[in-house]
Amino acid sequence: MARRRSNIQRPIRNFSVRAYLLIHLHTFFASLGRFARAPFNFMMTVSVIAITLSLPSGLLVSINNLQSLSGQIDLNNNISIFLNQSVTLKQADDLSASLQKNDKIIQSVLINKEAALKEFRQYSGFSSAITILDSNPLPHVIQITPINSINDQASLKLLVNELKQRPDIQLVQMDMGWLERLNGILNIAQRGVSIITILLGFAVLLIVSNTIRLELQHRRDEIDITRLVGATHAFVRRPFIYSGFWYGFLGGILACLLVNLSVWLIHGPTSSLATLYSSSFSLEFMPLNHALSWIAFSVFLGVTGSWIVVSRYLNELES
Amino acid sequence: MLQFINVSKRYPSGGADALKNVNFELQNGEMAFLTGHSGAGKSTLLKLIAVLERSTQGQVMLDNQNIGRLSKRNIPYARRKIGMIFQDHRLLHDHTVFDNVALPLIITGLDRHEIKRRVRAALDKVGLLGKEQRYPITLSGGEQQRIGIARAVVNRPPMILADEPTGNLDPALSEEIMRLFEQFNQVGVTVLIASHDVSLIQRMGYRTLQLSQGEMLEEHG
């Protein structure tokens, strides 16, 4: 049988956008008012959300910092060639000059072992120890910059192998090797953070759901009475959605504060450590756009969590 | 206004039918009592009208609309046509008298000034003007029932349902409350009151629907 909708009185006639917005505004602040009456419970939930979210966001900040640290290192793909101790400066110079002629090599620079020792003495902090040595333990080093260094790994390997076979060369070291490994590790860590974010995102969803569920039980009578006088699901749901919003919003902000507080706490020690390595590296705080994304994510979880629970609850009530 | 056609209700938990093949009709502007022992099905019948339950069989027609078949979306709008009153008042005890009475208007998104005007009018009708800012718990049982009545009539529904509205009140107060319903009926509101206060019902002299073990026994009045 066809449903007769014609005589259902929808409140369209009395409806005004202004009144609708006023309801929203009223509910918005009413939900805050409820928190003000039970601030301890409220802050407990917000703190749990904040701590849960500060783990993935903190890890992300750490990874970003490590990436910027590796980014500070000169990214040209240099190869260091350590010559045998017996090689004289003249021979080394000749070798460097011949390498310069190789069309696979853009630049070849000879690092004189006397100059290297002097520099080492200056910067390493081992000057007194070096003075004790009878002879210079450092070999001559030729530093070459290959062409197409990053794109053409195969020809790069070929060049390295070629050099390794020369009797006067002791060691050929690609400077980029460890950096690539570090970046590889950081990529894995980033993937790991994504997984942790998803898992802990679910945790926040459950925390909010559970809190809202308790609130629903607590205000059961109020909900029943409101439904009895003809409130729509949207009307009943609204204050709980705002509760979810506040949990998410304040939880997200607190999470960002916690992460930045942690960065601030280890900022000093890191800077002094970096100075010891004569690096200008300093820890970066969470960028503003990241912070905003985390807060948005947290709000999304809060609103979604309460939406799911309240909708389920209302659907069970209405047969 | 209200029509039950072969209505049966069986609760999913099993047991006997709460209502068995009930037929009756209330005309627009009519006032009637619904009586019977506890467990006779009075509350079930009222719940079907307020769409708090749905019938297992038959049709419940309100304003020529089969409310048993309303979609969940439309149920709230059907409820706004009915003012419901309960024995236990069902008031919000952490809200003022004003907020309690205003609730049916707030959910419709009515303008604040209009809400204020109508709430005061409703409170005036039940004799509680001046107690808007009190909390229900500070008022007597009879006054609390009046708050419930004011809430039921504040959005001027065409029909009032009352479930044992005088159950906890002494005879004098009960009669006062009943006269109040009478006044609403006189301005055209359809009124159905479930009660087991037989002597009061007889004194009032309105049509009486009697339920016994889920069956509509007789209509007299």
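Helices (H or I, at least four residues) and strands (E, at least two) are taken as DSSP runs and numbered from the N terminus.

The structure is a predicted model, in which local features need pLDDT of at least 70 and side-chain atom pairs count only at pLDDT 80 or more, while totals for chains, interfaces and linings use all residues. Residues are numbered from 1 along each chain as its sequence is written, and chains are lettered from A and ligands numbered from 1 in the order in which they are written. For the complex, the predictor gives an ipTM of 0.88 and a pTM of 0.75. The confidence in each residue is given by pLDDT, on a scale from 0 to 100. Chain B has an average pLDDT of 90, and 98% of its residues score at least 70. Within chain B, the lowest confidence falls in strand β10 (residues 215–220), with a mean of 74, and the highest in strand β8 (residues 190–194), at 95.

Domain 1 of chain A covers 19–73 + 181–317, and domain 2 covers 79–174. Their centres, taken over C-alpha atoms, are 53 Å apart. Chain A holds 10 helices and four strands, and from the N terminus on its elements follow the order α-α-β-α-β-α-α-β-α-β-α-α-α-α. Contacts are counted where the C-beta atoms of two residues, placed from the backbone, lie within 7 Å. Among contacts in chain A between residues at least 6 apart in sequence, 86% join residues at least 24 apart.

Burial is a matter of counting neighbours: a residue is buried if 20 or more other C-beta atoms lie within 10 Å of its own, exposed if 12 or fewer, and partly exposed in between, with C-beta atoms placed from the backbone. By this count, 25% of the 319 residues of chain A are buried. Helix α10 of chain A contributes several buried residues, among them A:Trp294, A:Ile295, A:Leu301 and A:Val309.

The strands of chain A can now be put together; two strands pair if DSSP finds at least two bridges between them. An open sheet of four strands, with antiparallel pairing, has the order β2-β3-β1-β4 in chain A. Strands β2 (105–111) and β4 (169–174) of chain A stand at the edges with a single partner strand each, so one side of each has no neighbour in the sheet. From one strand to the next, the twist averages 20 degrees. Strand β1 (residues 79–83) of chain A pairs with strand β3 (residues 141–146) of chain A in the antiparallel sense over four bridges. In this pairing, A:Ser80 has A:Gln143 as its bridge partner, and A:Ile79 has A:Ile144. Strands β2(A) and β3(A) are also antiparallel and pair over six bridges, with A:Thr145 in β3(A) as the bridge partner of A:Gln107.

In a regular strand the side chains alternate between the two faces of the sheet. In β3(A), A:Ile142, A:Ile144 and A:Pro146 form the covered face, and A:Val141, A:Gln143 and A:Thr145 the uncovered one. Axes are lines fitted to C-alpha atoms, for helices over the stretch in contact, and angles run from 0 to 180 degrees between N-to-C directions. Helix α3 (residues 89–101) of chain A lies across β1, β2 and β3 of chain A and runs at about 170 degrees to β2(A).

Chain B also has an open sheet of four strands with antiparallel pairing, in the order β2-β1-β4-β5. Its edge strands are β2 (19–26) and β5 (65–66) of chain B, each pairing on one side only. Strands β1 (residues 2–9) and β4 (residues 57–62) of chain B are antiparallel and share five bridges; in β4(B), B:Gln59 is the bridge partner of B:Ile5. Helix α1 (residues 42–49) of chain B is mostly covered, with six of its eight residues buried, including B:Leu45 and B:Ile49. This helix lies across β1, β2 and β4 of chain B, at about 120 degrees to β1(B). After α1(B) comes B:Val51, which has a positive phi near 55 degrees.

Note on methods
Domains from an automatic or database assignment. pLDDT = per-residue confidence, 0-100.
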